[in-house]
Amino acid sequence: MGRSYIVDEAVEKYLGELQTPPGSCVTGLLTGQSSPQRDFVVLAVQTPHRETEGPAKASTRGSPLDDVDVEWVTEHARQVSRMLPGGLSILGLFLVTPPELSKDAQNTLKRLIFAVEKYITKGRLWELMEEDVTDRVTLHICSKTKKAVCRTFDVKDPKSSGKPADWKYQTSVLSSWPMLTCSVELDVHIPVTESASNNTEKCIQDGLRKWAKQIEAGLCLINGKQAFDDSELISGQKKNLKITQRQTLPARILVSDEQPEVDERSSAQVQVCSVSARVRGVVHCRAYIHNHKPKARHAALAIKRDIINTVSCRVEMFLEDLLISEGSHKGLCSGRQALPRRVFVPAPCSGLSLCDYMFPDESTVDVVERLKEMLDWDTPETDIDISLETNHLFCSEGTDSHGDSSKHFTSEVETPKIPQYYVGVAVAAAVALLATATSLLYFNE
């Protein structure tokens with residue numbers, strides 16, 4: 001038998017209520033958490049209808065499977081992956097088809113799962129570890145009989161064939177999952193050299209990747225204790241004790257200002273910077289970890305990756321917005337530009353919270369509309385928590401100490417008044433990153 005998937009009853013209900021028009025197919029995402037022993041599926045969401053300009057064209061292909069829009073499925077996966085907090089990821093896909101298409105469904109699912117994995121991991125700043133699970137799940141459901149076939153594909157092997165997997169429904173899968181919270185203060189300065197000024201996006205990504213390695217190498221404290229080994233995350237938990245209330249654990253990341261060792265010798269270089277990118281302020285992060293004997297180091301990894309993902313995501317969204325408004329981001333214009341802030345939304349009937357990113361010119365109405373389109377949720381505006389962050393990002397013209405004019409692309413996140421229970425604010429990370437940013441400024445001299 002292959003991998004086991006423990007699936008929340010809310011997923012069973014959602015899949016059972018999907019309406020499939022006769023002779024058509026429905027695709028969607030399966031999200032949850034992987035562990036070395038088993039995977040947990042906590043959310044399913046169908047691919048939204050793609051709006052196109054002009055009248056819809058009638059299909060000229062022989063099978064409804066040929067009409068599955070791979071590009072739209074992958075884009076939906078990318079948008080949803082941005083909404084997931086630490087510890088959660090897209091585990092796979094589901095496909096609902098008429099019975100006569102069951103035989104061909106597996107080929108379609110394989111094509112989709114590899115396309116989705118390639119698209120959503122493009123530009124990812126953190127590296128996979130040896131124990132990270134690379135199996136992705138596909139679920140084919142017959143629209144008439146409701147029979148489900150579960151298979152997995154190893155996405156690191158393009159020639160991988162589908163392996164049978166065990167799909168089991170359970171009640172309240174994630175009701176008692178511990179939640180980690182962390183408010184991290186950042187001051188990351190990224191110089192963009194003149195030689196790289198025509199590809200500012202790549203230069204910024206490279207700079208963020210160096211910062212991400214510092215976060216990955218940082219020391220994580222959870223409840224004031226070091227979290228780096230296989231010790232139990234929640235000590236003293238009895239095997240037969242069922243915890244019904246979610247525990248909130250404060251986390252803290254300590255980052256050393258020492259650079260990682262390299263094999264080759266290096267020497268300092270003077271770099272002429274045409275643009276400098278700066279990400280500064282406090283970001284709110286959170287992660288969930290399963291309650292099946294969770295290990296401390298797995299919890300630390302989840303919160304670290306959330307820190308990296310949320311910063312990377314905002315910069316990526318900013319550059320996308322700039323590309324739309326300015327037509328190009330080879331160079332960054334002066335004037336105020338907005339960095340989206342993170343807001344959190346409770347998932348229906350689970351106690352889990354997902355997130356969205358809201359630009360200053362947007363309101364909670366825009367968030368509600370995105371949640372409906374991307375997650376198929378009907379969310380009241382009052383359920384959206386917008387109190388955790390207040391962000392500002394702007395571009396400005398600056399002058400260095402020699403009087404040379406240079407552009408500065410500056411991202412600032414105003415520091416909110418952090419509630420008392422956020423005792424794990426990572427001020428040490430800010431100090432280390434500030435020291436790194438300050439040293440970079442000398443490249444201009």
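In this predicted model, Tyr 357 touches Arg 82, Thr 310, Cys 313, Arg 314, Met 317, Pro 340, Arg 341, Arg 342, Glu 362 and Arg 370, residues up to four places away in sequence not being counted. Tyr 357 belongs to strand S16. Its relative accessibility is 3%, so Tyr 357 counts as buried, the cut-off being under 20%. The side chain of Tyr 357 also makes a polar contact with the side chain of Thr 310, at 2.9 Å. Val 343 lies 14 residues away along the chain, yet the C-alpha atoms of Tyr 357 and Val 343 are separated by 6.1 Å.

Strand S16 (353-358) is also one of the elements against which helix H6 packs its buried residues. The others are strand S3 (39-46), helix H2 (70-82) and strand S15 (341-346). The buried residues of H6 are Thr 364, Val 367, Val 368, Leu 371, Met 374 and Leu 375. They cover an arc of only 145 degrees around the axis, which puts them on the same side of H6. The length of the helix was checked as well. H6 has twelve residues (364-375), which at 1.5 Å a residue should span 16 Å. Its end C-alpha atoms are 16 Å apart, in agreement. Just after H6, Asp 376 takes a positive phi of about 65 degrees.

The largest nonpolar core comprises 63 residues. Leu 15, Phe 94 and Trp 167 have the most contacts inside it. At least three residues of this core come from each of domain 1 (4-52 + 59-169) and domain 2 (179-235 + 244-258 + 272-383). With residues up to four places away in sequence left out, Trp 167 touches Tyr 5, Val 7, Leu 30, Val 41, Val 137, Leu 139 and Cys 150.

Two loop serines were examined next. Ser 176 is found between strand S8 (166-170) and strand S9 (179-193). At 11% relative accessibility, Ser 176 counts as buried. Its side chain makes a polar contact of 2.5 Å with the side chain of Asn 291. Ser 24 lies in the loop between helix H1 (9-16) and strand S2 (26-34). A polar atom of the Ser 24 side chain lies 2.6 Å from the backbone oxygen of Pro 21. Beyond its neighbours within four places in sequence, Ser 24 is in contact with Pro 64, Val 96, Thr 97 and Pro 98.

Note on methods: Residues numbered from 1 in each chain as written. Predicted model: local features only at pLDDT ≥ 70, side-chain atom pairs only at ≥ 80, totals over all residues. Heavy atoms only, no water. Helix = DSSP H or I, 4+ residues; strand = E, 2+ residues; numbered from the N terminus. Expected span 1.5 Å × (residues − 1). Buried < 20%, exposed > 50% of the residue type's maximum accessible area, 1.4 Å probe, protein only. Arc of directions from axis to C-beta. Contact = heavy atoms within 4.5 Å. Core = buried A, V, L, I, M, F, W, Y, C linked by side-chain atoms within 4.5 Å. Domains from an automatic or database assignment. Polar contact = N/O pair within 3.5 Å; in protein donor to acceptor, adjacent residues only side chain to side chain.
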